[in-house]
Amino acid sequence: MTFDVLISGGRVVDGTGAPAFRADVGVRGGRVEAVGRLDPAEAHVRIDAAGRHVLPGLVDCHAHGDAVVFDPLVQHAALRQGVTTFVLGQDGLSFAPATTPAAFAYASRYFAAVNGAHPHVDGPVSVADLLAGYDGSTALNTVYLLPHATIRFDVMGPAERAADEDETRSMLRRVETGLSEGAAGLSSGLEYAPGRYADAAELAALCAPLGGLPYVTHMRAYGASAPVGVAEVVEIARRSGAAVHVSHLHGPASTLLPLVEDARRQDVDLTFDTYPYLRASTILAMVTLPPWVPAADPGRAVAMLSSERERLAAEWADRDDLWPRITLSHAPGFEWAEGMTLPAAAAEYGATAAEFCRVLLAETRLEAGCVRARPDEGPAGEESVRAVMRHPAHTGGSDGIYVGGHPHPRGFGAFARYLGRHVRELGDLTWEQAAVHLASHPARRFRLPDRGLVRAGQVADLIVVDPATVADTATYDEPRSLAVGVDDVLVGGVPVLRGGALTGATPGRALRP
């Protein structure tokens with residue numbers, strides 16, 4: 001037998017949770033042909049995995065790569081961590097389905113500091129066309145969630161109210177069409193506009209046709225207030241029958257884990273993802289603007305930054321605790337300020353932190369991003385991160401944002417940090433558990449066909465990991481530093497990373513459930 005690729009001499013961590021075992025892995029026709037003692041055998045490409053582990057490709061359950069996944073730097077950052085698949089369409093905001101120029105402009109502009117500008121799409125686009133654009137155009141696989149806020153804006157514009165019956169029916173038709181075109185679930189962002197104006201009844205109605213695919217939500221509340229957010233998630237699950245998946249679950253483990261367990265005891269099919277950091281990253285408008293500013297209508301919002309200047313100043317007068325925790329990640333026209341805290345940049349500009357924030361939001365038309373230190377930073381927060389990731393409902397998600405000159409390091413390091421720090425150094429997960437949490441469990445959750453395991457017949461998304469050296473090198477000061485310890489990766493049986501370098505192959509597919 002001649003293989004396309006033979007990975008020899010490694011320890012296979014197959015994604016089932018069973019103990020790792022010494023075996024060769026033979027790949028032919030894009031799939032795993034055999035696992036066992038195969039060497040000597042003929043192969044067009046041979047990878048010596050002696051002293052290393054062979055795992056199924058990792059699935060990033062929350063990635064903002066919708067527009068930037070075509071960028072070789074982003075592909076390199078993911079592959080060097082062992083990530084072979086991005087789940088896109090997060091937080092209720094992405095490019096499709098947008099049937100009107102206004103809806104596409106909203107989705108593109110409001111989340112420009114998160115998703116970036118799509119290099120190949122500049123107007124209304126269907127889910128089918130968006131997914132077709134990913135096929136064979138990138139080294140990574142992609143999975144796409146239907147973005148609730150984009151659909152809502154397409155039907156209702158920036159309306160700050162619950163949907164009526166006719167509007168809900170119109171949104172439901174878009175959900176049904178998107179699912180038929182290959183979407184893998186529905187996402188919401190209930191701290192963003194206009195998603196935050198939806199109620200549980202609207203969201204449950206849109207979840208009804210998911211048929212076992214997940215409703216993925218950036219909840220309305222996190223941290224100590226997570227009971228509010230989880231209660232709504234549970235209500236939506238009960239009313240719709242949908243499986244639910246909570247994005248970037250964070251807060252005190254003593255609060256979060258009982259909520260998860262209580263929901264699961266009530267037969268709610270609930271899972272979640274986390275990233276192994278304490279700081280967050282998002283758009284500056286979400287962190288700073290009061291709810292009376294219509295952020296879903298940037299034109300009105302920017303005008304109000306001037307007309308309501310005194311009201312804003314009064315509202316921000318007691319926010320001195322917030323400004324030092326904000327570091328600017330993306331500030332078009334103010335690139336000199338990227339990487340600086342808001343007070344430091346304000347001092348350089350010659351204004352108070354509040355006034356500089358107002359100017360920055362106005363001048364960038366809300367297109368500014370930030371990294372934000374949460375109040376739970378510190379040893380207690382770290383212990384909560386570790387406890388939450390050990391739960392069997394856990395999956396990994398970087399929440400990676402690649403836009404701007406100084407992004408959060410999680411896009412370049414989250415999964416390597418899982419493997420290096422939390423598996424090797426701290427023992428929070430075994431290698432066998434890590435393969436389940438980061439590969440096979442996500443593949444089952446999003447119904448990715450024939451992926452997530454190292455087993456004959458499975459699609460050959462495979463990574464070769466050095467267990468002694470795998471580590472993240474990206475930091476808050478140097479956020480774009482590539483991970484180490486993963487030098488060889490196959491996607492669909494095609495080598496996309498060899499010796500730590502991109503091969504230039506683009507076998508990635510938009511995976512339809």
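Q: Leaving aside neighbours within four places in sequence, which residues is E432 in contact with?
A: In this predicted model, E432 is in contact with V13, G17, A18, P19 and A20 once those neighbours are set aside.

Q: Which helix is the place of E432?
A: E432 belongs to helix α17, which covers residues 431-445.

Q: And how many residues apart in sequence are E432 and V12, and what is the C-alpha to C-alpha figure?
A: The two are 420 residues apart in sequence, while their C-alpha atoms lie 9.5 Å apart in space.

Q: Let us turn to the sheet of 6 strands. What is the strand order, and is the pairing parallel or antiparallel?
A: The order is β10-β11-β12-β13-β14-β18. This is an open sheet, and its pairing is parallel.

Q: Which are the edge strands there?
A: They are β10 (146-147) and β18 (394-396), each of which pairs on one side only.

Q: Which helix packs on that sheet, and which strands does it touch?
A: Helix α17 does, with β12 (214-218), β13 (243-246), β14 (270-274) and β18 as the strands it touches. The direction of α17 makes about 105 degrees with that of β18. This is also the helix that holds E432.

Q: How many bridges join β10 to β11?
A: There are 2 bridges between β10 and β11 (residues 186-189), and the two strands run parallel. As for individual residues, P147 has S187 in β11 as its bridge partner.

Q: What do strands of a sheet pair through, in general?
A: Backbone hydrogen bonds provide the pairing, in either a parallel or an antiparallel arrangement.

Q: What about the open sheet of 3 strands; what is its order?
A: Its order is β6-β8-β9, with parallel pairing. The edge strands, each pairing on one side only, are β6 (58-60) and β9 (141-144). From one strand to the next, the twist averages 25 degrees.

Q: Over how many bridges do β8 and β9 pair?
A: Strand β8 (residues 83-88) pairs with β9 over 4 bridges, in the parallel sense. Within that pairing, T85 stands opposite N141 in β9.

Q: Changing topic: what volume does the largest pocket have?
A: Its volume is about 440 Å³. The lining comprises 30 residues, and those closest to the centre of the pocket are E191, H218, H250, M286 and R372.

Q: How do the lining residues of that pocket divide into nonpolar, polar and charged?
A: The lining of the largest pocket has 14 nonpolar, 7 polar and 9 charged residues. Strand β15 (residues 279-283) supplies the largest share, 3 residues.

Q: And how many cavities of 30 Å³ or more does a search of the whole structure find?
A: The search finds 3 such cavities. The largest cavity holds about 130 Å³ of space.

Q: Which residues lie nearest the centre of the largest cavity?
A: They are L249, H250, G251, R374 and V385, out of 16 residues lining that cavity. H250 is also named among the residues closest to the centre of the largest pocket. Helix α15 (residues 379-389) gives the largest share of the cavity lining, 5 residues. By class, the cavity lining has 8 nonpolar, 6 polar and 2 charged residues.

Q: Finally, how many salt bridges does a search of the whole structure find?
A: The search finds 29 salt bridges. One of the salt bridges is between the side chains of R309 and E355, at 2.9 Å, N to O. That pair links distant parts of the chain, 46 residues apart: R309 is in helix α12 (residues 309-316) and E355 in helix α14 (residues 353-363).

Key. Residues numbered from 1 in each chain as written. Predicted model: local features only at pLDDT ≥ 70, side-chain atom pairs only at ≥ 80, totals over all residues. Heavy atoms only, no water. 1 Å grid on protein atoms, 1.4 Å probe; cavity = no way out; pocket = protein on both sides within 12 Å on 5 of 7 lines; lining within 4 Å. Points joined across faces, edges and corners; volume = space filled by probe spheres on them. Nonpolar A, V, L, I, M, F, W, Y, C, P; charged D, E, K, R; others polar. Pairing = 2+ DSSP bridges. Contact = heavy atoms within 4.5 Å. Axes fitted to C-alpha atoms, helices over the stretch in contact; angles between N-to-C directions. Salt bridge = Lys/Arg side-chain N within 4 Å of Asp/Glu carboxyl O.
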